[in-house]
Amino acid sequence: MTSIQIDRAAFIATLGGSEAVATMSDEQRADALDDFLIEQLNSPDYPKRIADHRAEGTSAGTLRRGAGAIFGDGRHPLAELAPMPKHPTLLDFLRLRSNFPMVRHLLQSAEHARRSGGQEILACLLHDLGQLLIRVDHGWWSAQMVEPYVSEEVAFAVRYHQALRFYPDESVGYEYPELCNRIYGRDYVPEPCIAEAAEYARGHRWYLAARMVTVHDLYAFDPDTVVSLDPFADVIGRHFRQPEEGLGFDASPVAHMWRSVIFADHPL
Ligand SMILES: [Fe+2]
Ligand SMILES: [Fe+2]
């Protein structure tokens, strides 16, 4: 697997050129970069394809950027959703929704954690899962979605990776903010609530768990790498409390979130 590689010109072209970029807030640009990296997993020709699409003048936004992937992105045709079994497991969600680039990204980051002997394999496997439903504040959404089924530490790691990704930590070789600097300029400043969340996480006893999610996150945007789910069945079996009734049907406070991923085509 390779680390992040960004073609700055291609990235800006996907956003509609530098004039369009100038109208975006720092946060919007940061989220757009995440989208760009994730979408590259869809196919290596994504940057050119989406830039061409814009040039044709057919890209009038029909969705806010924070909308979840399962509801479409307003740019690509909607694919049919695979039906889920009656009592779906986490593995079912990962397998049957694996046509989403984000799911491949989860697998790649978990694989990087596994290969480097990291403890955070499950947190990596779940860290962006909420982006199926909603992208904005995805760390919080993802953590909420899995909270009843994982340890508090795993939920913490998932929640705070979102804020921590903006801040360097040389002790673990985390350099993502330098990449942000190159793309947005050195004046980039995350929203105060994100800065506060990162500060809180930094002082927490589970800081390293969340931090390592951001590290493995860096090695999970390779369009050419296909990762099997098989190596993760064991860690999921041991550390994810799969409800007997199936995710979405266990009457937990978050069951509706899983059901929304299953039944994303239902109108109400
Ligand atoms: Fe993330
Ligand atoms: Fe990620």
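The paragraphs below lead through this predicted model from its overall fold to single residues. Residues are numbered from 1 along each chain as its sequence is written, and chains are lettered from A and ligands numbered from 1 in the order in which they are written. Because the model is predicted, local features need pLDDT of at least 70 and side-chain atom pairs count only at pLDDT 80 or more, while totals for chains, interfaces and linings use all residues.

The protein chain contains 14 helices and 0 strands; helices (H or I, at least four residues) and strands (E, at least two) are DSSP runs, numbered from the N terminus. Of its 268 residues, 38% are buried. A residue is buried if 20 or more other C-beta atoms lie within 10 Å of its own, exposed if 12 or fewer, and partly exposed in between, with C-beta atoms placed from the backbone. Among the contacts in the chain with a separation of 6 or more, 70% join residues 24 or more positions apart; two residues are in contact if their C-beta atoms, placed from the backbone, lie within 7 Å.

The largest nonpolar core has 61 residues, of which Leu122, Ala123, Val146 and Ala157 touch the most other members. Such a core is a set of buried Ala, Val, Leu, Ile, Met, Phe, Trp, Tyr and Cys residues joined through C-beta atoms within 7 Å. Helix α9 supplies the largest share of this core, 8 residues. Apart from the 61-residue core lies another, of 5 residues, including Phe11 and Phe36. Leaving aside neighbours within four places in sequence, Ala123 is in contact with Val154, Ala157, Val158, Ala209 and Val213.

Helix α11 (residues 192–202) has Ile194, Ala197 and Ala201 as its buried residues. These residues lie on the same side of α11 because they cover an arc of only 60° around the axis, the arc being that of the directions from the helix axis to the C-beta atoms. An α-helix has 3.6 residues a turn, so residues three or four places apart point the same way. On the other side of α11, the exposed residues are Pro192, Glu196 and Tyr200. The cover over the buried residues of α11 includes α9 (152–164) and α12 (207–217).

Where α9 and α11 pack, Tyr160, Ala163 and Leu164 of α9 meet Ile194, Ala197, Ala198 and Ala201 of α11. The helix axes are 8 Å apart and form an angle of about 125°; axes are lines fitted to C-alpha atoms, for helices over the stretch in contact, and angles run from 0 to 180 degrees between N-to-C directions. The two helices are therefore oblique to each other, since angles under 35 degrees count as roughly parallel, over 145 as roughly antiparallel, 65 to 115 as roughly perpendicular and the rest as oblique.

The loop between α7 (121–126) and α8 (138–146) holds His127, which is buried because 32 other C-beta atoms lie within 10 Å. Not counting residues up to four places away in sequence, His127 touches residues including Leu106, Ser142, His161 and Asp217. Asp137, also in the loop between α7 and α8, has a positive phi near 55° although it is a residue other than glycine. Asp137 is partly exposed, with 17 other C-beta atoms within 10 Å. Ala251, in the loop between α13 (233–239) and α14 (255–262), is not a glycine and has a positive phi of about 60°. Ala251 counts as exposed because it has 8 C-beta neighbours inside 10 Å.
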